[in-house]
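Keep the structure open while you read.

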Amino acid sequence: MSKIHVSTTINGDAAEFLCDPRETLLDVLRDRLGLTGAKEGCGTGDCGACSVTLDGRLVCSCLVLGAEAEGREIATVEGIAPGETLHPLQRKFIEHAALQCGICTPGILVAAKALLEKNPDPTETEVRYWLAGNLCRCTGYDKIIRAVMDAAAEMREVA
Amino acid sequence: MVEVHLWSGLRAQAGGREVVEVEASTVGEVLSGLVAAHPELQEVIDAGVSVAVDGRIIASGLTEPVSEDSEVYLMQRLKGG
Amino acid sequence: MALDEYKPQKGGDQLEQGHAFKYVGTRPDRPDGTDKVTGRARFGADITAPGMLHGAILRSPHAHARIVNIDTSKAEALDGVKAVVTRADFSAAIQPAPGMAGEMWNVLENVMAGDTALYDGHAIAAVAATSALTARDALKLIKVTYEVLPHVTDVDAAMAADAPVIRDGTADKSVPPGLHPNVVRYHQSGHGDVEAGFAEADLVIEDSFTTEATHQGYIEPHACLGTLGGDGKGELWCCTQGHWNVQKICAALLDMETSQLRVTASEIGGGFGGKTTVFIEPVALALSRKANRPVKLVMSRSEVFRATGPTASTSMDIKIGMRKDGTITAAQGVFRAQGGAFPGAPMEFTAMCAFAPYNLANVHQVGYDVMTNRPKQAAYRAPGSPMAAFAVESVIDELCNQLGLDPLEVRLKNASREGTRASYGPKFQRIGLVETIEAAMAHPHYSAPLAPGQGRGISCGFWFNHGGETSVTLALSEDGSAQIMVGTPDIGGSRASMALMAAEVLGIPYENIRVTVADTASLGYNEVSHGSRVTYASGLATIKAAEAAVRELCKRAAAKWGIEEEAVYWEDGYAKPSGPNAGDFEPLHISKITRSMGATGGPINGHFEATPEGAGVSFATHIVDAEVDPETGSTKVVRYTVVQDAGKAIHPTYVEGQFQGGAAQGIGWALNEEYIYGTDGRLQNAGFLDYRIPVASDLPMIDTVIVEVPNPGHPYGVRGVGETSICPPLAAIANAVSAAAGVRMRNLPMSPPRIFEALEAKNG
């Protein structure tokens with residue numbers, strides 16, 4: 001089966017790759033583009049560890065085909081930090097110890113950023129339901145929710 | 001002589017006893033003393049045992065000292081997750 | 001007693017001297033934080049090597065079958081396939097033996113089936129190919145001829161006379177005569193006279209309980225990259241809780257010299273005990289050896305569920321007698337546990353932990369380890385203990401209900417203390433159970449009013465904690481900063497705790513210390529990160545290694561000043577003369593000593609190796625409020641409080657994290673998680689959609705109270721904290737749900753259909 005040529009934009013940079021039609025966007029990011037921030041936790045869209053945004057929309061990259069990236073804009077965890085400094089969400093995650101093993105962290109950061117872009121002042125319940133698609137096995141979610149709420153508060157102040 | 005308490009499931013391999021007396025000054029000597037007195041205990045000791053000396057649980061060390069008045073209990077080898 | 005009145009008591013050298021901790025007990029940022037929030041951290045699957053192939057494993061679709069023939073010819077012929085392996089490519093020297101004596105053979109048999117497929121998902125063959133998709137396609141070309149055999153997956157059914165035999169001759173000498181060959185190990189312990197004790201009781205309750213198998217549920221599937229050359233030298237990168245153990249097992253399974261295999265532990269995306277052994281690592285190495293190229297092998301989520309190590313399912317009978325005043329007069333438990341098609345279900349820990357929180361004159365426990373056609377169990381956070389607590393604490397709860405007694409008062413009345421003879425034999429040393437019960441009683445949660453439809457449950461829990469082989473090396477740099485090499489993979493933030501303990505000894509800032517998890521070729525032997533041992537054992541070794549470096553630093557200062565070594569002491573990063581008689585010298589900063597260390601005697605390192613034996617046991621008491629919807633049987637956890645004895649919290653935030661994580665796993669185990677097998681013996685729910693772990697919207701904030709009753713076996717009083725937190729939740733939630741629903745739940749998980757059925761049965 002011959003490969004498909006794809007031109008796309010990732011974290012603001014133009015990118016090109018060849019992929020098998022069966023490869024997912026997650027496979028392509030990790031295995032062809034060296035962007036291993038997105039993780040495969042399940043391959044079936046149940047755990048959210050592979051979360052990225054596709055034209056601003058939060059998706060599981062394991063449920064998107066690599067070929068579907070053609071002409072789209074993809075944002076991954078590697079693009080969250082605006083250069084040398086960290087994004088408030090990233091800082092608050094470290095401050096609140098909102099990670100233990102850290103495998104779910106990239107997906108949760110991408111998802112939380114997408115939430116705060118839609119809703120800068122979510123309630124605890126809104127945060128919990130938005131993040132219900134991102135599984136964490138280590139933390140029990142307590143410190144994650146606190147970190148997101150605290151980052152949201154800081155971002156509202158600055159805005 | 002040191003009094004060594006076995007768990008009740010070992011009675012069958014220790015001639016019906018739950019307490020066995022051995023000559024020993026270390027945990028290692030306790031275990032070899034038990035096997036010398038009751039060779040059938042070799043298998044369970046090879047499978048892994050921990051030894052509690054006066055309440056202090058020795059998970060695997062053989063050189064820990066033991067005295068005549070020590071209270072010594074055999075336990076199945078501890079491991080975690 | 002107010003919550004903040006827990007003054008450290010006698011014990012722990014530093015605490016005796018009235019030492020005021022400067023770094024220990026603070027909450028700095030973890031050193032791997034930036035890597036993990038930017039996606040830079042490299043986990044098991046985040047690695048590549050030039051010329052790398054991709055591996056894939058063919059797995060049995062049958063629960064029990066004789067493997068008649070494996071024809072790999074078409075797979076080998078597929079373009080891009082570079083190697084195919086079966087059991088013949090592994091060591092022929094390893095032999096089976098009864099019970100746990102045959103454990104190396106058990107691991108080998110599990111890694112790659114011999115002549116029998118023992119469970120749905122058992123590895124049969126493997127391929128390595130130039131792409132992951134090609135490897136997957138190649139699996140479809142392997143033709144296996146099976147002779148399907150009858151299977152059994154239930155623990156009680158596997159003990160029945162007519163149960164299919166999994167493997168004859170596996171039972172060890174501990175098993176009494178007359179039991180089915182599937183019963184492979186047996187435990188019995190206790191003291192006193194339980195019959196006499198029951199006779200003294202005013203109320204005796206006897207009841208039976210079951211728990212289903214659950215999986216540790218780590219979000220990162222097993223992944224590795226192995227390179228093994230014809231020269232017998234190998235490299236392995238894998239996510240693991242214990243790379244020396246991986247080294248030992250892989251070398252044995254591949255007939256290799258252990259020292260010629262270097263294993264590097266990646267960052268690990270969760271383990272909880274499930275990554276303390278090997279599943280795919282020997283396969284990657286075998287494929288690499290045959291293909292003469294590196295091979296990357298990553299498990300899919302369904303493979304993780306089908307073919308790694310879930311915990312045991314259990315069937316338990318409990319009988320407890322209590323007097324009207326709440327004194328427990330006798331307790332008895334029978335615990336049957338299945339651990340898959342191999343010995344190892346942790347029934348002895350179930351039996352030993354069951355009544356450990358209680359001071360009992362008459363106690364007796366029996367355990368059976370049973371084989372079934374299920375995957376080989378692996379450790380899961382306090383293996384065996386949560387199930388025991390579920391059964392025992394449910395019965396104590398019933399006794400309290402029926403006698404009209406407060407559940408925490410009854411726990412307190414019967415609580416084990418220092419000097420109590422434990423149910424498993426020896427006397428307890430200093431322990432903190434009473435302190436956790438008292439803190440729970442004093443906590444506002446316990447007296448908060450409940451809304452209609454809500455129920456409150458409490459439970460105590462116990463775990464042993466572990467020491468284990470540990471090596472640590474500390475190296476000082478010329479600028480006075482320090483690098484520490486530990487061998488225990490960081491599964492909870494331990495690198496931060498090591499740095500805090502080293503900072504305390506060296507007196508230099510936490511930020512000047514870098515902690516690395518070294519590979520097997522760079523450090524002495526280390527036992528697996530398990531048994532809540534890391535902060536205790538690697539911590540103790542770090543302290544000792546730092547103290548060794550400090551002694552050398554003082555020696556250099558003494559030489560520089562021309563005074564005796566004993567006349568120099570170390571404080572806050574400086575060598576100081578110990579009194580006016582020693583001489584009037586300005587304190588010498590560490591960096592002033594290290595910058596010339598090459599010339600004054602050589603580099604200054606410290607190291608420490610030991611198998612420390614002073615690990616302290618720990619107890620917890622949990623309180624939970626739950627609400628049951630009678631129309632759907634669905635449960636909402638409304639409020640949760642963890643109270644646990646940590647001995648000494650080195651980094652309190654990470655201790656809180658362990659408390660919360662264990663509670664969350666316990667909540668999932670109690671309410672929803674289970675392995676569901678069909679009548680065909682196949683796993684029905686091998687994915688996160690139907691194996692339902694708690695999500696963010698299921699849980700409330702989880703409050704934590706850290707009790708500190710120091711462990712005399714650690715310089716700072718540390719007790720392991722990682723595991724005890726999963727011991728109480730199953731029972732605490734069962735008690736809360738039983739109270740909310742008005743019906744005793746005896747079978748976990750208490751999923752909505754089960755609660756609904758119980759309500760229907762109750763209401764007639």
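Is C:Phe428 buried or exposed? Keep that one in mind as we go; this is a predicted model.

C:Phe428 has a relative accessible area of 5%, and under 20% counts as buried, so C:Phe428 is buried. Its ring pairs edge-to-face with C:Phe462, at 6.1 Å centre to centre and with 75° between the planes. The pair joins distant parts of the chain: C:Phe428 sits in the loop between α13 and α14 of chain C, while C:Phe462 is in strand β16, 34 residues apart. C:Phe462 is buried too, with a relative accessible area of 1%. Both rings belong to a cluster linked by ring pairs, which also includes C:Trp463 and C:Phe619.

Now try C:Phe21 and C:Tyr716. Their ring centres are 5.1 Å apart and their planes meet at 75°, so this pair is edge-to-face.

## Where chain C meets chain A

The contact uses 49 residues from chain C and 45 residues from chain A. Together the two chains bury about 4,000 Å², with 59% of that on carbon and sulfur atoms. C:Val37, C:Ile219 and C:Met701 supply 18% of the area chain C buries here, more than any other three residues.

There are five salt bridges between chain C and chain A. One of them joins A:Arg30 to C:Asp46, with the closest N and O atoms 2.8 Å apart. Helix α20(C) gives the largest share of chain C's side of the contact, nine residues. By class, that side has 24 nonpolar, 16 polar and nine charged residues.

How values were computed
Residues numbered from 1 in each chain as written. Chains lettered and ligands numbered in written order. Predicted model: local features only at pLDDT ≥ 70, side-chain atom pairs only at ≥ 80, totals over all residues. Heavy atoms only, no water. Contact = heavy atoms within 4.5 Å. Buried area = accessible area lost by both parts, 1.4 Å probe. Salt bridge = Lys/Arg side-chain N within 4 Å of Asp/Glu carboxyl O. Helix = DSSP H or I, 4+ residues; strand = E, 2+ residues; numbered from the N terminus. Nonpolar A, V, L, I, M, F, W, Y, C, P; charged D, E, K, R; others polar. Phe/Tyr/Trp six-rings, centres within 6.5 Å; stacked < 30°, edge-to-face > 60°. Buried < 20%, exposed > 50% of the residue type's maximum accessible area, 1.4 Å probe, protein only.
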